[in-house]
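This report is intended for a reader meeting the structure for the first time. Please keep the sequence and the 3D view at hand while reading.

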Amino acid sequence: MSLEHSVRRVLCATDFSASADVALDWATAFARREKAELHVVHAWQLPELVSPAGGIIPMPEVSTEIQREIEAGLRKACEGRSVTGQTIRKGPPDAEVAALATEIGADLVVVGTHGRTGLSHVLLGSIAERVIRLSPVPVVTVPLAWAERARASTLVRRMVCPTDLTAATEAAVADVIAMAERLGAEVDLVHVLDLPPYALRSDDVLSEIERSVRHDLTELAERHRARAVGLKTHVRTGIAADAIVALASELDADLVALPTHARRGMARFFLGSVAERVARTAGRPVLTLRQADVRA
């Protein structure tokens with residue numbers, strides 16, 4: 001799935017929490033900007049209750065009442081928005097969101113982070129991260145702290161896009177730049193030198209690595225500069241996730257676009273755990289694109 005062309009369908013998951021409302025604000029604004037359909041889903045499951053004798057206690061009345069409350073909550077969440085589809089699913093929220101994304105042909109999934117607890121099955125922490133792992137399409141996580149800017153007239157002005165300078169992630173970089181062009185946003189490319197301690201002990205070794213990376217990063221930028229006016233490049237040293245988050249904060253970026261793929265060694269920069277850490281700690285929207293999402 002590629003974001004090179006306009007997004008046609010956005011799927012936003014809600015648990016009716018404050019954080020989910022912020023994510024829905026962001027999804028609404030993004031869908032309007034892309035002239036895309038907006039679909040909203042709530043997924044829930046009632047835990048099985050087991051009697052002391054080991055039998056499962058049926059709870060049809062409780063389930064029916066919860067269903068009614070969810071239907072009312074979904075209608076309220078969608079009020080005043082241009083929503084194409086409203087869906088309620090029973091089952092694990094992460095799996096149901098991913099399944100529905102496939103069924104409706106969604107191009108993008110949006111979820112909130114930092115919600116509340118209880119039967120609403122919040123999309124915080126592990127659930128949001130599992131959505132990232134399971135989703136067949138790119139995912140944007142939107143934090144509760146983004147409430148005011150999620151409703152801003154200019155949704156995305158500046159994007160930070162990490163790259164490991166491989167051909168696999170260059171395709172993702174091209175998609176990010178194409179999306180930025182549609183949104184009228186600037187792009188900052190960054191490569192983080194997440195190096196082993198022995199490499200940092202030698203100034204000569206570190207200097208040579210930095211020189212090589214800056215050269216490759218500049219060449220990457222030049223290949224895409226025609227579509228990205230003001231494209232900037234950055235090289236940082238440190239723990240990958242922390243360096244990405246720090247740069248996004250320094251630049252006050254509106255979106256971190258994080259290409260990911262499962263590789264070993266120094267490219268652990270783009271392993272799932274790093275993407276999830278960025279999504280958890282960035283304090284701003286994070287777009288996660290797996291290698292399989294790009295130009296599929």
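The sections below treat the overall fold, the cysteines and the salt bridges.

## Overall architecture

The model described here is predicted. Its chain contains nine helices and twelve strands. Of the 296 residues in the chain, 51% are buried.

Among contacts in the chain with a separation of 6 or more, 78% are between residues 24 or more positions apart. The chain exposes about 13,500 Å², and carbon and sulfur atoms supply 53% of that area.

## Cysteines

The structure holds zero disulfides. A disulfide would require two cysteine sulfur atoms within 2.5 Å. For Cys12, the closest cysteine sulfur belongs to Cys78 and lies 8.8 Å away, which is too far for a bond.

Cys12 is buried, with a relative accessible area of 0%. Cys161 is likewise buried, and its relative accessible area is 0%.

Side chains of opposite charge can pair when their charged atoms come close. The count of salt bridges in this model comes to 23.

One of them joins Arg8 to Asp107, with the closest N and O atoms 3.2 Å apart. This pair links distant parts of the chain, 99 residues apart: Arg8 belongs to the segment before strand 1 (9–13), and Asp107 to the loop between helix 3 (93–104) and strand 6 (108–113). Arg8 is partly exposed, at 49% relative accessible area, whereas Asp107 is buried, at 4%.

A further salt bridge is formed by the side chains of Arg9 and Glu37, with an N to O distance of 3.2 Å. Because Arg9 lies in strand 1 and Glu37 in strand 2 (residues 37–44), the pair ties together parts that are 28 residues apart in sequence. Both partners are partly exposed: Arg9 has a relative accessible area of 24%, and Glu37 one of 30%.

## A salt-bridge network

Asp252 and Arg157 also meet through their side chains in a salt bridge, at 3.8 Å from N to O. Here too, distant parts of the chain are linked: Asp252 is in the loop between helix 8 (240–251) and strand 11 (255–260), while Arg157 is in the loop between strand 7 (139–143) and strand 8 (158–162), 95 residues apart. Asp252 is partly exposed, with a relative accessible area of 35%, and Arg157 also counts as partly exposed, at 40% relative accessibility.

These two residues belong to a network of salt bridges that links Arg149, Arg157, Asp252, Asp254 and Arg284.

Key:
Residues numbered from 1 in each chain as written. Predicted model: local features only at pLDDT ≥ 70, side-chain atom pairs only at ≥ 80, totals over all residues. Heavy atoms only, no water. Buried < 20%, exposed > 50% of the residue type's maximum accessible area, 1.4 Å probe, protein only. Helix = DSSP H or I, 4+ residues; strand = E, 2+ residues; numbered from the N terminus. Contact = heavy atoms within 4.5 Å. Areas by Shrake-Rupley, 256 points an atom, 1.4 Å probe, with all protein chains shown as cover. Salt bridge = Lys/Arg side-chain N within 4 Å of Asp/Glu carboxyl O.
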